[in-house]
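This briefing covers a single chain, shown below. The notes that follow are grouped by topic.

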Amino acid sequence: CPGFTRTEFQDRAGVDKSTIPAFAWMSAEAVARASLGALGRGDLICIPGIGNRMMAGVVRLSPRAAVRRVLGMGAHRIVKVEGT
């Protein structure tokens with residue numbers, strides 16, 4: 001569960017990267033190091049970065065309806081939709 005990782009994925013997906021704060025991004029190298037470390041420990045799930053882990057905890061404790069609403073609002077801010 002890498003969160004926002006600096007790759008060409010966002011460009012290809014039409015994500016407006018300017019709407020995502022700089023602190024939310026991780027380098028591909030940092031994500032790979034964390035993932036390989038988790039693999040070596042036998043972890044089934046890897047959430048690299050303290051910010052991503054904190055957000056996962058908040059989401060886990062929040063009502064699903066609230067999570068859906070917030071994620072839906074965020075998705076409309078970061079994804080460029082043709083014709084809108």
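In this predicted model, Phe 4 is partly exposed, with a relative accessible area of 29%. Trp 25, by contrast, is buried, at a relative accessible area of 11%. These two residues form an aromatic pair.

**Aromatic pair**
- The structure holds one aromatic pair, and its members are Phe 4 and Trp 25.
- The geometry of the Phe 4 and Trp 25 pair is tilted, with 5.3 Å from centre to centre and 50 degrees between the planes.
- Because Phe 4 lies in strand E1 (residues 4-6) and Trp 25 in strand E2 (residues 25-27), the pair ties together parts that are 21 residues apart in sequence.

**Nonpolar surface patch**
- Met 55, Val 58 and Val 59 make a nonpolar surface patch of about 260 Å².
- Val 59 belongs to helix H3, which spans residues 50-61.
- The relative accessible area of Val 59 is 37%, so this residue counts as partly exposed.

**Fold of the chain**
- Four helices and two strands make up the secondary structure of the chain.
- Along the sequence, these elements follow the pattern β-α-β-α-α-α.
- Among contacts between residues at least 6 apart in sequence, 44% join residues at least 24 apart.

**Burial and surface**
- The chain has 84 residues, of which 20% count as buried; Trp 25 is buried.

Methods. Residues numbered from 1 in each chain as written. Predicted model: local features only at pLDDT ≥ 70, side-chain atom pairs only at ≥ 80, totals over all residues. Heavy atoms only, no water. Patch = residues over 30% accessible without salt bridge, like charges linked within 9 Å, V, L, I, M, F, W, Y side chains within 5 Å. Areas by Shrake-Rupley, 256 points an atom, 1.4 Å probe, with all protein chains shown as cover. Salt bridge = Lys/Arg side-chain N within 4 Å of Asp/Glu carboxyl O. Buried < 20%, exposed > 50% of the residue type's maximum accessible area, 1.4 Å probe, protein only. Phe/Tyr/Trp six-rings, centres within 6.5 Å; stacked < 30°, edge-to-face > 60°. Contact = heavy atoms within 4.5 Å.
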